[in-house]
Amino acid sequence: MFLSKNCKKWFETYRASFISVCAMVLLLIAAVFCHLFGWKDAPFQFLAACLGAGVTVIITNLLLVEQTKQQGELQKEEAKAQSDLQDKVKAQNLEQAKKTEQYKEKLRIYQKFLEELYTVVKDRDLSTEEKINMQFQTAYLAIHTDVGRIEEVSANLKDIIDCLISPSGNNYDVDRLQQALFNIVRQFREELYEEKVSVGDDYTAIINNFVKAFSPDGDDNNTGNDASLWSEACTRWKEDKKWEMSVNGETIRLHRPDNKEIHVQFGFWEGHYYIQAKYQGFSDFSKELKWKYKGRKTYETWWKHIESTLFHGLKEGEFWDKFTADEAMQKELVKWFDDLILFIDGWDIPAGRYKTLMGIIDRAAYEWKGWAFWVYDSRCIVCDSHLKDLGEPFIDTFNEDGKMVVRLGNRKNDENVQRMILERIGLPTAEIREDNRTDYRTFEADAKDYDIMSAAAELMEKIAKA
């Protein structure tokens, strides 16, 4: 029974082969009977047929083996590509999940920082524990925040502490507080959304609304005293349409009507009365004032404590009583305001030319190639290339002997380098001055800023293409 089952299974497995063999034998017998060949030739013909079939089998086997090998390699490549794609998708998902978690954590830390800051300053007092708390909160910011933004946040944190916490508790400056808060928010928004946020343009109206709503004296030009020298000066500044005055307690600010961030300011800070000046958008402005008067600077703002004994020994809250009755104090403060107003008015000229140049060129593209731009000596617009292979050429645009000059030089101050630069940009080499520089264009002093700075932009383009 077992044998018959095995035989049956064997027959079913090789039935096609068995039938083929039988058919071959029948065909061979038929060929003999039909006299296609004789009995003697039958073995030879059978052998030939078998050899032909064997060759066919071998060739077919080789083809199948090669095809199987190719299919196997193709399947491996497809499997690897599929695996790589899955790994890439997995990595992207992990990176996206990481960014999402980082975003959530940043948002939580930033919100927590502002909440803790309010808790610290709301009682208008600052304990040692609160100081330590804010130091730790700032450290938390540093986990996910660029160091430049931390520096900006810390500078504005100092402004907030200064205008809310003082021995007398009367140092509340609405404008300064709101500006500092929005500056901090700007840093957080730029970090979260990875894009620049304009504070000056977006929040000015909001800040002004807070000032009008919360300042005790608003923008009233009346200082609350009858000091004659000071009153005359206030009247003179008021008549000059370029300036407006706001008074908040002992803080006096003279500012541009359309921009409070261009101003001269007097107030009390760090135990003494100070004088301050700011020109928004130009850190070189505060640098020049620091060179001239010493003191300190933060970005665009310069300030220093007034060293005169008339002011230096005063305690906070004593200013107006002393100032009203002391002509010498009035004279000194008026002089400070007049000198700084004159300095700011003078800065309008280079600031205007600088802004005109920035409107002509693609600043970002030039800075990416190594160029830098600044105002030197409160009068000269400097375009510095830092192109070492070209001798580090630079362009100065300034007023000299009643003329506006666009002058080309090199940082090595070398005549041969200057000659090489001129040859590279296609200018005559015979025009090199004794100071190894070359005047590219000269204009009359009353020439339009656009024409002057267009010449500087033209020279920059020649250098960039050299």
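Is Thr-438 buried or exposed? Thr-438 is buried, with a relative accessible area of 5%, where buried means under 20% relative accessible area, exposed over 50% and partly exposed in between, taken with a 1.4 Å probe and protein chains only. The model is a predicted one, in which local features need pLDDT of at least 70 and side-chain atom pairs count only at pLDDT 80 or more, while totals for chains, interfaces and linings use all residues. Residues are numbered from 1 along each chain as its sequence is written, and side-chain values use heavy atoms, with hydrogens and water left out.

**Overall chain**

- The protein chain has 15 helices and 11 strands; these are DSSP runs numbered from the N terminus, with helices (H or I) of at least four residues and strands (E) of at least two.
- The protein chain has 466 residues, of which 38% count as buried.
- Among contacts (heavy atoms within 4.5 Å) between residues at least 6 apart in sequence, 54% join residues at least 24 apart.
- The protein chain exposes about 27,800 Å², and carbon and sulfur atoms supply 55% of that area; accessible areas come from the Shrake-Rupley method with a 1.4 Å probe, and for residues only the protein chains shown count as cover.

**Surroundings of Thr-438**

- Thr-438 lies in strand 11, and its side chain makes a polar contact with the side chain of Gln-418 at 3.0 Å.
- A polar contact is a pair of N or O atoms within 3.5 Å; within protein, one must be able to donate a hydrogen and the other to accept it, and residues adjacent in sequence count only if both atoms are side-chain atoms.
- Leaving aside residues up to four places away in sequence, Thr-438 touches Val-406, Arg-407, Leu-408, Gln-418, Leu-422, Glu-431, Ile-432 and Arg-433.

**Salt bridges**

- The structure holds 31 salt bridges, each defined as a side-chain nitrogen of Lys or Arg within 4 Å of a carboxyl oxygen of Asp or Glu.
- One of them joins Glu-191 and Lys-106, whose closest N and O atoms are 3.2 Å apart.
- This pair links distant parts of the chain, with Glu-191 in helix 6 (residues 174-193) and Lys-106 in helix 3 (residues 41-121), 85 residues apart.
- Both partners count as buried, Glu-191 with a relative accessible area of 13% and Lys-106 at 15% relative accessibility.
- Glu-444 and Lys-403 also meet through their side chains in a salt bridge, at 2.5 Å from N to O.
- Glu-444 lies in strand 11 (residues 438-444) and Lys-403 in strand 10 (residues 403-410), so this pair ties together parts that are 41 residues apart in sequence.
- Glu-444 counts as partly exposed at 46% relative accessibility, and Lys-403 counts as partly exposed at 31%.
- A further salt bridge is formed by the side chains of Arg-433 and Asp-435, at 3.1 Å from N to O; Arg-433 is partly exposed at 31% relative accessibility, and Asp-435 is partly exposed at 27%.
- Elsewhere, salt bridges that share partners join Lys-106, Arg-149, Glu-190 and Glu-191 into one network.

**Nonpolar surface patch**

- Ile-132, Phe-136, Tyr-140 and Ile-143 make a nonpolar surface patch of about 420 Å².
- Patches are made of residues with over 30% relative accessible area and no salt bridge, with like charges joined within 9 Å and nonpolar side chains (Val, Leu, Ile, Met, Phe, Trp, Tyr) within 5 Å.
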